[in-house]
Amino acid sequence: MPASPPVYLDYSATTPVDERVLRAMLPWLSQRFGNPASSSHVYGWDAEDAVERARGQVAALVGADPREIVWTSGATESDNLAIKGVAEFHRERGRYIVTVATEHKAVLDPCHELQRRGFEVTVLPVAANGLLDPEVLRAALRPDTILASVMLVNNEIGVVQDIAALAAICHERGVLFHSDAAQATGKVAIDARAMDVDLMSFSAHKTYGPKGVGALYVRRKPRVRLTAQMHGGGHERGLRSGTLPTHQIVGMGEAFALAAQEFQVETARVRALRDRLWAGLRDIPDVFLNGDMDQRVAHNLNISVAHVEGEALIMAMPELAVSSGSACTSASLEPSHVLRALGRSDPLAHSSLRLSLGRYTTEAEVDRTIEVLRTQIERLRRISPLWEMHEQGHGIEAAAWAGAGES
Amino acid sequence: MAGHGYSARVMDHYLNPRNVGSFDPGDSHVGTAMVGSPALGQVLKLQIRLRDATIEDACFRAFGCGSAIAAGSLATVWLKGRSIDEALSIQGQDFVRELELPPVKAHCAMLAEDAIRAAVADYTQKQR
């Protein structure tokens, strides 16, 4: 354990609960513990009021009507409910679903499950900058397409898709449009109505709220029909049964209200820090940026450090908490599906590093990160045979790899 | 939290790798191996130099996770002073044991074993 806690630059994985959010949540675990569904006494009414207030806060951040917000356990459940729910309800109309190669597994896996249930799924490629060309989506739609799912902000490379343009193309053809916006709240302006999406998934813990709670936006006009995936007491207008976790929901509401208040100032501050970080790294030879730099959230930097393996780099830096697209711990040895979808070579995908900044990142932490990264990249390159070959002017592709076939 | 999931021996070799370097691959007393693949995220270069049928020196470079780097480093330590036959008796399992590698890292041990065999094969080839 290092003497001081590591610098946390993994805000895209999760964020700490903001102190103000925590304070708002606590009463709902003890004194005000009522079940929001208890309609016969004040404990229940009190909790119900809190849940509805939070629903309003979430709706306000994302440009929705409160009646369009359905509570879930998180973005994964929201994605499952949206995708499987639409597929089940509309299966007589068509069984064809379109999504994108860089989606989160919480979208790709439900789609694969639907394939097993007889649906057809097309996974669209993205351009080298990580963005989906709207014309590629248009060309993929068929008369039997019922749903397209494209995320708003990518979790690995932080690129922002043009959701309004993509949704418009779908609606010309009567196709429902879902977007996973788990990484977007408080990071980009969201207006579900203006973007014209039918379904949108949200998570609390990426935006300084608690883990274990999320929401699904389900458009009312025109009404989007879907089949519930969780059955029970008929909560959330029958779309998602299960006792509502008042404290979690209050936390999500408070977190989203803070995000709405602080969005402008926070985004500008984080962007300046992220740009400072990139400025401190970009002159290192053979360091590449992954994903479009302009159409990208302010807090994300994803780089490939050629000739150094990502996990080894992370292991060398216990004073930093960051993540890699390398997959050395997985049995498959396959690197990030997102970086591969950008057309990055496998060695560069293995050499990737995601640095995501947030509300509590300081300038001193950024400077420390630059210093540590530069030192360790240099150290590991001195050990790397690929760097040696590169220095000697040999391409790594040209080398004969003894034993490569067996590995 | 540092090096969570890695044994102390892996961390030691990883943070202080032994015998990082290169010999002249054209030297007739040197055997060179380059195993693994950049696409799979691991490459190990291992070289041995022999005098009087004994490995008098060994060096390595590695691209890969910490365990792969540690396995390369450990291989050089084990090879020094050994005969060819002794070198060939070193198995992947020896690396797994010494470095306490978990099953998902067993491929790093196999990489080291492959490198030893390939370096010996290269040296033997040159003696013909």
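In this predicted model, A:Tyr96 stands opposite A:Thr145, a residue of strand 5 of chain A. The two strands concerned, strand 3 (residues 96–100) and strand 5 (residues 145–149) of chain A, pair in the parallel sense, and three bridges join them.

Against the sheet lies helix 4 of chain A, residues 105–116, which packs on it and touches strand 3, strand 4, strand 5 and strand 6 (176–180) of chain A. The direction of helix 4 makes about 155° with that of strand 3 of chain A.

The sheet as a whole is open and has seven strands, with mixed pairing, and in chain A their order reads 2-8-7-6-5-3-4. Its edges are formed by strand 2 (69–72) and strand 4 (120–124) of chain A, each of which pairs on one side only. On average, and with direction ignored, neighbouring strands of this sheet are turned by 20° against each other.

A single residue of a helix may be followed next. A:Gln57 lies in helix 2 of chain A, which spans residues 42–62. Is A:Gln57 buried or exposed? A:Gln57 counts as buried because 22 other C-beta atoms lie within 10 Å, where the cut-off for a buried residue is 20 or more. When residues up to four places away in sequence are left out, A:Gln57 touches A:Gly253, A:Phe256 and A:Ala257. The C-alpha atom of A:Gln57 is also separated by 8.5 Å from that of A:Met252, although these two residues are 195 residues apart along the chain.

At the level of the whole chain, the division is into two domains of chain A, domain 1 (7–11 + 263–379) and domain 2 (19–259). Taken over C-alpha atoms, the centres of domain 1 and domain 2 of chain A are separated by 28 Å. Where the domains meet, 20 residues of domain 1 of chain A are in contact with 20 residues of domain 2 of chain A. On the side of domain 1 that touches domain 2, the elements of chain A that give two or more residues are strand 10 (300–305) and helix 10 (337–341). Of these, helix 10 of chain A gives the most to that side, with three residues. The table sets out the residues on this side of domain 1 by class.

| Class, side of domain 1 of chain A that touches domain 2 of chain A | Number |
|---|---|
| Nonpolar | six residues |
| Polar | 10 residues |

Conventions: Residues are numbered from 1 along each chain as its sequence is written. Chains are lettered from A and ligands numbered from 1 in the order in which they are written. This is a predicted model: local features need pLDDT of at least 70, side-chain atom pairs count only at pLDDT 80 or more; totals for chains, interfaces and linings use all residues. Two strands pair if DSSP finds at least two bridges between them. Helices (H or I, at least four residues) and strands (E, at least two) are DSSP runs, numbered from the N terminus. Axes are lines fitted to C-alpha atoms, for helices over the stretch in contact, and angles run from 0 to 180 degrees between N-to-C directions. Two residues are in contact if their C-beta atoms, placed from the backbone, lie within 7 Å. A residue is buried if 20 or more other C-beta atoms lie within 10 Å of its own, exposed if 12 or fewer, and partly exposed in between; C-beta atoms are placed from the backbone. Domain bounds come from an automatic or database domain assignment. Ala, Val, Leu, Ile, Met, Phe, Trp, Tyr, Cys and Pro count as nonpolar, Asp, Glu, Lys and Arg as charged, and the others, Gly among them, as polar.
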